[in-house]
Amino acid sequence: MEDRRTFMALATALFPASLITLSAQAPPTASAPPRELARHTLTGPLAAFDALLIELHPGPGQGREHTHNGPVLGYVLEGRVRFGVNHEPERIVGVGETFFEETGALHSTWGSADPTPARVVVFMVVPKATNGAA
């Protein structure tokens with residue numbers, strides 16, 4: 001339970017400042033790769049992990065299934081995102097809404113729900129020197 005509290009405290013502390021920075025940037029293109037915005041080394045019981053903030057531009061349609069080696073908290077900045085884990089029914093996540101994946105969950109549905117790319121900022125706690133991919 002303490003790890004979850006620590007994770008939520010980190011997400012709350014890092015997330016609002018990132019939105020201010022992101023709002024001043026140019027809109028994404030369809031081919032924009034994931035972009036690391038911030039990485040911070042954690043201490044104490046989470047010393048083996050980094051807090052990672054990235055910006056994604058999911059394209060239209062269906063992305064490939066994948067897992068992450070840490071929890072994922074996402075916030076949709078632009079567009080609408082198709083989201084689902086562990087082959088559960090997909091849901092559409094719109095601007096200002098969030099999604100969450102537990103460590104190791106199968107991200108089975110992913111992509112823009114519209115014909116244009118969406119824009120998402122994602123906060124993850126990942127093992128040091130990794131990008132969150134399992």
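Which residue in E7 is the bridge partner of Phe83?

## Strand pairing

In this predicted model, the bridge partner of Phe83 in E7 is Trp110. Strand E4, which covers residues 81–85, runs antiparallel to E7 and is joined to E7 by five bridges.

E4 and E7 belong to an open sheet of three strands, ordered E5-E4-E7 and paired in antiparallel fashion. Its edges are formed by strand E5 (91–93) and strand E7 (107–112), each of which pairs on one side only. With direction ignored, neighbouring strands of this sheet are turned by 25 degrees against each other on average.

## Nonpolar core

The largest nonpolar core consists of 17 residues. Those with the most contacts inside this core are Phe99, Trp110, Val120, Val122 and Met124.

At least two residues of the core come from each of E2, strand E3 (72–78), E4 and E8. E8 provides the largest share, four residues.

## Largest pocket

The largest pocket has a volume of about 520 Å³. Its lining comprises 26 residues, of which Pro34, Ile54, Leu56, His66 and His68 are the closest to the pocket centre. By class, the lining has 12 nonpolar, nine polar and five charged residues.

Two or more lining residues are contributed by each of strand E1 (35–41), strand E2 (49–56), strand E6 (98–101), E7 and strand E8 (119–127).

Note on methods: Residues numbered from 1 in each chain as written. Predicted model: local features only at pLDDT ≥ 70, side-chain atom pairs only at ≥ 80, totals over all residues. Heavy atoms only, no water. Pairing = 2+ DSSP bridges. Axes fitted to C-alpha atoms, helices over the stretch in contact; angles between N-to-C directions. 1 Å grid on protein atoms, 1.4 Å probe; cavity = no way out; pocket = protein on both sides within 12 Å on 5 of 7 lines; lining within 4 Å. Points joined across faces, edges and corners; volume = space filled by probe spheres on them. Nonpolar A, V, L, I, M, F, W, Y, C, P; charged D, E, K, R; others polar. Core = buried A, V, L, I, M, F, W, Y, C linked by side-chain atoms within 4.5 Å. Buried < 20%, exposed > 50% of the residue type's maximum accessible area, 1.4 Å probe, protein only.
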